[in-house]
Amino acid sequence: MNYKLTRTCKDCKHEDVFELTKIQCAFELYNFKEMWTKKCSNCHSTHCYSLRKSSVNLDKEILDIWGNDEKLYLNQQDEEIILAEMHYLPMILFAINEGKYLKRKIGILVESICILLYDNTVISNEFSKEENLQREKNAKIIFPELLKLKDKIEGSDRYIMDYIKEVVFPQLGINKKN
């Protein structure tokens, strides 16, 4: 698959496209400021309207690189939320159980599974009957896996947001630390 960074000129709306590797794209390993101020190939303006990059699906290669490098981020602010997807659960569980990643990265993975349980158990009227049935099925898959990780959850307590703890910890029989 080709990965791209697209720069849209503010003045003429022309789009310049730059090739990226999967790793550059996944971890935003390019000079944002340089790309933002790059001259438009059409009108030569340095005014940028937007930069957008291809999305990269998380795979074992990317997770392994991320898990062993303190300086890499899948996203500066919301890594645990990005990871909190049912289709990533087997890969995340394997990575946690393998225990070959940095402690902080394991903490983020543990938090992502807590978020996944939260997302599938918190009461909300915004879901259809079918969606709520799927959420119940998901929770039944996630819950026993989190029980197996109870010691890791307690060890990763500081990485987990309070509102997640308030819903997930009682389900697992874990006391929330203040």
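Predicted model: local features only at pLDDT ≥ 70, side-chain atom pairs only at ≥ 80, totals over all residues.

**The largest pocket**

I begin with the largest pocket, which has 14 lining residues, with Ala26, Lys53, Val56, Leu74 and Ile82 lying nearest its centre. A pocket here is an open set of points, on a 1 Å grid over the protein atoms alone, where a 1.4 Å probe fits, with protein on both sides within 12 Å along at least five of seven lines; lining residues have an atom within 4 Å of a point. The space in this pocket is about 200 Å³, a volume being the space filled by probe spheres set on the points, which are joined across faces, edges and corners. Helix H1 (22-27) and helix H4 (79-83) each contribute at least two lining residues. Helices (at least four residues, H or I) and strands (at least two, E) are DSSP runs numbered from the N terminus. The lining comprises nine nonpolar, three polar and two charged residues; Ala, Val, Leu, Ile, Met, Phe, Trp, Tyr, Cys and Pro count as nonpolar, Asp, Glu, Lys and Arg as charged, and the others, Gly among them, as polar.

Residues are numbered from 1 along each chain as its sequence is written, and side-chain values use heavy atoms, with hydrogens and water left out.

Next, the sheet. Three strands form an open sheet in the order E2-E1-E3, with antiparallel pairing; two strands pair if DSSP finds at least two bridges between them. E2 and strand E3 (48-53) are at the edges with a single partner strand each, so one side of each has no neighbour in the sheet. Strand E1 (residues 3-9) and strand E2 (residues 15-20) are joined by six bridges, and Leu5 is placed opposite Phe18 in E2. What do E1 and E2 form together? They form a hairpin with five residues between them, and in its turn Lys13 has a positive phi of about 65°, although Lys13 is not a glycine. His44, likewise a residue other than glycine, has a positive phi near 70° and is found in the loop between helix H2 (32-36) and E3.

Thank you; I welcome your comments.
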